[in-house]
Amino acid sequence: MDNIIEIKNVTYEYTEDEATHIAVKNLSLNIERGSFTVILGHNGSGKSTLAKMLNGLNKPTLGTILVDGINTLAEETEIEVKRRVGMVFQNPDNQLIASIVEEDVAFGPENLGLPPKEIRQRVDSALKAVGMEEFVSSTPHRLSGGQKQRIAIAGIIAMEPECLVLDEPTAMLDPKGRREIVDTLHKLNKEKGITVILITHYMEEAENADRVLVMNDGEIISDGKPHEVFQNVEMLKSVGLDVPQTTELLYALQKNGFKVNTNVISVTDTAREIKKVLEGV
Ligand code: ADP
Ligand code: MG
């Protein structure tokens with residue numbers, strides 16, 4: 001298998017006032033190149049600590065992380081790691097710097113020292129990729145939250161990373177903004193082959209992922225396809241996560257003796273299952 005990221009026995013400890021806190025515990029995990037992974041977990045489960053290790057912002061206390069085969073601990077290749085793994089954070093306002101959208105998106109490529117013509121191409125292509133090309137000359141602060149976050153993503157895409165790590169990029173957005181972001185990420189994944197690692201606590205955002213990981217207390221406690229992970233309703237509830245309402249409904253029907261398939265998540269598929277019940281199939 002072709003892995004863009006390999007995590008081997010990684011532990012991360014925070015030390016504060018001589019007390020240590022283990023935020024990530026002996027974690028091993030590979031991320032396949034071109035895949036779309038969603039990481040779920042309640043607050044404090046170690047998601048952000050892990051995310052920041054993926055582009056070298058955090059260095060493992062123990063163990064190794066290889067990005068495209070490059071060890072994130074090696075100082076001389078830090079820039080190589082950062083080029084491959086782009087990070088997007090929760091608050092779009094903290095990530096937008098310039099007063100015009102195109103200047104903002106150009107910021108990263110300019111820092112890479114690229115020629116102006118190449119920068120122009122990258123800015124246009126990145127804005128197109130996130131569906132924001134018509135806002136090239138707009139002022140970021142006048143855009144909606146979802147639009148701002150898409151501009152922030154464009155700024156990262158313009159540096160042409162292999163992999164995007166997004167740490168709760170939808171947490172501050174309304175439902176429409178959240179859908180815009182998730183749709184954009186799937187488009188980038190499919191059309192540009194960018195590996196996506198999306199951290200979220202909205203279960204619905206995991207619906208179309210290739211893989212879902214659930215973190216709890218610094219460990220991965222579940223790993224599989226979305227419908228496989230969401231089968232474990234009790235386990236998810238025990239770690240403070242709500243399963244998607246569609247899944248919960250199907251389980252309730254099944255408990256009451258109806259023959260439904262609980263492997264589905266989307267509203268459309270769930271409706272089809274309920275239709276089968278109503279028609280007595
Ligand atoms: P999540 O992103 O899943 O909410 P975090 O990675 O932010 O989790 O935090 C994991 C654990 O590490 C939590 O118990 C948190 O309190 C602790 N932690 C996070 N950042 C720091 C820090 N800078 N100093 C000390 N402890 C921290
Ligand atoms: Mg976090």
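Good morning. I begin with strand E7, residues 163–167, which is joined to strand E8 by 5 bridges, the two running parallel. Within this pair, Leu 166 has Leu 198 of E8 as its bridge partner. Helices (H or I, at least four residues) and strands (E, at least two) are DSSP runs, numbered from the N terminus. Two strands pair if DSSP finds at least two bridges between them.

The model is predicted: local features need pLDDT of at least 70 and side-chain atom pairs count only at pLDDT 80 or more, while totals for chains, interfaces and linings use all residues. Residues are numbered from 1 along each chain as its sequence is written, chains are lettered from A and ligands numbered from 1 in the order in which they are written, and side-chain values use heavy atoms, with hydrogens and water left out.

Let us turn to the sheet that holds E7 and E8. In general, strands of a sheet pair through backbone hydrogen bonds, either parallel or antiparallel. Here, 6 strands form an open sheet with mixed pairing, in the order E6-E7-E8-E3-E9-E10. Which strands stand at the edges? They are E6 (85–88) and E10 (219–224); each has a single partner strand, so one side of each is left without a neighbour in the sheet. From one strand to the next, the twist averages 20 degrees. For such angles, axes are lines fitted to C-alpha atoms, for helices over the stretch in contact, and angles run from 0 to 180 degrees between N-to-C directions.

Next, strand E3. Residues 36–40 make up E3, and 5 of its 5 residues are buried. Buried means under 20% relative accessible area, exposed over 50%, and partly exposed in between, with a 1.4 Å probe and protein chains only. Phe 36, Val 38 and Leu 40 lie on one side of E3, with Thr 37 and Ile 39 on the other, and both faces are covered. E3 pairs in the parallel sense with E8 (residues 195–199) over 4 bridges, and Phe 36 stands opposite Val 196 there. With E9 (residues 211–216), E3 also pairs in the parallel sense over 4 bridges; in that pair, Ile 39 faces Leu 213. Helix H7, residues 175–192, lies across E3, E7 and E8, and runs at about 160 degrees to E8.

Is Ser 222 buried or exposed? Ser 222, which lies in E10, is buried, with a relative accessible area of 8%. Leaving aside neighbours within four places in sequence, Ser 222 is in contact (heavy atoms within 4.5 Å) with Val 212, Leu 213, Val 214, Val 229, Asn 232 and Met 235.

There is also an open sheet of 4 strands, antiparallel in pairing, with the order E2-E1-E4-E5. Its edges are E2 (19–32) and E5, each with a single partner strand, so one side of each has no neighbour in the sheet. Between E4 (residues 62–67) and E5 there are 2 bridges, in the antiparallel sense, and Leu 66 stands opposite Asn 71 of E5. Helix H1, residues 47–54, packs on this sheet and touches E1 (3–16), E2 and E4; its direction makes about 125 degrees with that of E1.

Beyond E5 comes Thr 77, in the loop between E5 (70–71) and helix H2 (78–84). Thr 77 is partly exposed, at a relative accessible area of 22%. Not counting residues up to four places away in sequence, Thr 77 touches Ile 70 and Asn 71.

Now, helix H10, residues 245–255. Thr 246, Thr 247, Leu 250, Tyr 251 and Leu 253 are buried there. Why do they count as being on the same side of H10? They cover an arc of only 160 degrees around the axis, the arc being that of the directions from the helix axis to the C-beta atoms. Gln 245 and Lys 255, on the other side of H10, are exposed. The buried residues of H10 pack against H8 (226–230), H9 (233–238) and H11 (267–278).

Finally, ligand 1. The residues surrounding ligand 1 (one heavy atom within 4 Å) include Tyr 14, Glu 16, His 21, His 42 and Thr 49. A polar side-chain atom of Lys 47 lies 2.8 Å from an oxygen atom of ligand 1. A backbone N or O atom of Ser 45 is 3.1 Å from an oxygen atom of ligand 1, and a polar backbone atom of Gly 46 is 3.1 Å from an oxygen atom of ligand 1. A polar contact is a pair of N or O atoms within 3.5 Å; within protein, one must be able to donate a hydrogen and the other to accept it, and residues adjacent in sequence count only if both atoms are side-chain atoms.

Thank you.
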